[in-house]
Amino acid sequence: MSDWLVYYGNGYVAQGWSRAQRAQNVDIIASYFYSQGWTINAIAAMLGNMELESYINPGQWEHGYAIEVPGQISGFGLVQWTPWEKYTTWAGADWKTNYDKQLYRIQYEVDWDTESPNTGQWQKRASYPLSFLDFTRANEDVANVRWLALCFFNDYERGVGGETARQDNAEYWYSYLQNNPPQPWNPEPPTPGSFGGSFKIMMYMKPWWKR
């Protein structure tokens, strides 16, 4: 498996990447989440959102904000965690170099929502009534990839706009993954709870996960 393709900054460099370039990161992302039991439908739906949020660039900072300013409410990473320290505090000292941890963080949020529904990043909405775990297991019997892209957008990202682009992106990556099935993940992913034990307590004390 290839290494991450990364542009670290708040500019538009990664926006100019071709789909072939982005596929280098998609292969890593799909390999990990498929190893965690996610369906291709769910992975593609998330990728459709990632492409709009960060260009599938794990080093992407939100446009219009300086990078690494403590306390600044700016987004960072594949899913643009906001504030950025929500992710970096959890990930630890190597957050800038170990991009696999962004994947571990998302899976941690799946586990978190399973333990304490609607108290973390994933907020189940009436129009998209899936738990995060149910979303990860969704296939065509549950919903098509376009609906799942909107489910991830509304229940996880909770941003503004770009719905059709997110859906179109998701369809593209769904087709890609059908023709390029995820490869076995290496290295072995960490066990649940390996990171962020103190962060879980902080989330109960103050809901700073809200975007």
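In this predicted model, Arg-105 lies over the face of Trp-90, at 5.4 Å from the ring centre, where a charge counts as sitting over a ring if NZ of Lys or CZ of Arg is within 6 Å of the ring centre and within 35 degrees of the ring normal. The model is a prediction in which local features need pLDDT of at least 70 and side-chain atom pairs count only at pLDDT 80 or more, while totals for chains, interfaces and linings use all residues. Residues are numbered from 1 along each chain as its sequence is written, and side-chain values use heavy atoms, with hydrogens and water left out.

**Overall make-up**

- The protein chain has eight helices and zero strands, these elements being DSSP runs numbered from the N terminus, with helices (H or I) of at least four residues and strands (E) of at least two.
- Of the 211 residues in the protein chain, 52% are buried; buried means under 20% relative accessible area, exposed means over 50%, and partly exposed lies in between, with a 1.4 Å probe and protein chains only.
- The chain exposes about 9300 Å², of which carbon and sulfur atoms supply 51%, the areas coming from the Shrake-Rupley method with a 1.4 Å probe and, for residues, with only the protein chains shown counting as cover.
- Among contacts between residues at least 6 apart in sequence, 65% join residues at least 24 apart, a contact being heavy atoms within 4.5 Å.

**The nonpolar core**

- The largest nonpolar core has 54 residues, and those with the most contacts inside it are Ile-29, Trp-38, Ile-106 and Phe-135; such a core is a set of buried Ala, Val, Leu, Ile, Met, Phe, Trp, Tyr and Cys residues joined through side-chain atoms within 4.5 Å.
- At least two residues of this core come from each of α1 (19-35), α2, α3, α4, α5 (132-136), α6 (145-157) and α7 (163-179), and the largest share, eight residues, comes from α2.
- Leaving aside residues up to four places away in sequence, Phe-135 touches Trp-38, Ala-42, Ala-45, Met-46, Trp-122, Leu-130, Leu-148, Cys-151 and Phe-152.
- In soluble globular proteins, nonpolar side chains tend to be buried together.

- The 15 residues of helix α2 (residues 40-54) should span 21 Å at 1.5 Å a residue, and its end C-alpha atoms are 20 Å apart, which agrees; the expected span is 1.5 Å times one less than the number of residues.
- Helix α2 is mostly covered, with 14 of its 15 residues buried, and just after this helix Tyr-55 takes a positive phi of about 65°.
- Helix α6 is also mostly covered, with 10 of its 13 residues buried, among them Val-145, Leu-148, Cys-151, Phe-152 and Tyr-156.
- The buried residues of α6 pack against α2, α4, α5 and α7.

- The whole structure holds 28 aromatic pairs, in which rings of Phe, Tyr and Trp (its six-membered ring) have centres within 6.5 Å, with planes under 30 degrees apart counted as stacked, over 60 as edge-to-face and the rest as tilted.
- The rings of Trp-61 and Trp-95 have their centres 6.3 Å apart and their planes at 70°, so this pair is edge-to-face.
- Trp-61 lies in the loop between α2 and α3 (85-91) and Trp-95 in the loop between α3 and α4 (100-115), so the pair ties together parts that are 34 residues apart in sequence.
- Trp-61 is buried at 1% relative accessibility, and Trp-95 is buried with a relative accessible area of 11%.
- Tyr-172 and Trp-173 also form an edge-to-face pair, 4.8 Å centre to centre with 90° between the planes; Tyr-172 is partly exposed at a relative accessible area of 34%, whereas Trp-173 is buried at 0%.
- The charged end of Arg-19 sits over the ring of Tyr-172, 4.0 Å from its centre.
- One aromatic cluster includes Tyr-32, Phe-33, Trp-38, Tyr-104 and Trp-185.

**Backbone features in the loops**

- Most residues other than glycine have a negative phi, and most peptide bonds are trans.
- Thr-82 and Pro-83 are joined by a cis peptide bond with omega of about -5°, and Pro-83 is found in the loop between α2 and α3.
- Glu-68, placed in the loop between α2 and α3, has a positive phi near 60° and is partly exposed, with a relative accessible area of 29%.
- Arg-158, in the loop between α6 and α7, has a positive phi of about 50° although this residue is not a glycine.
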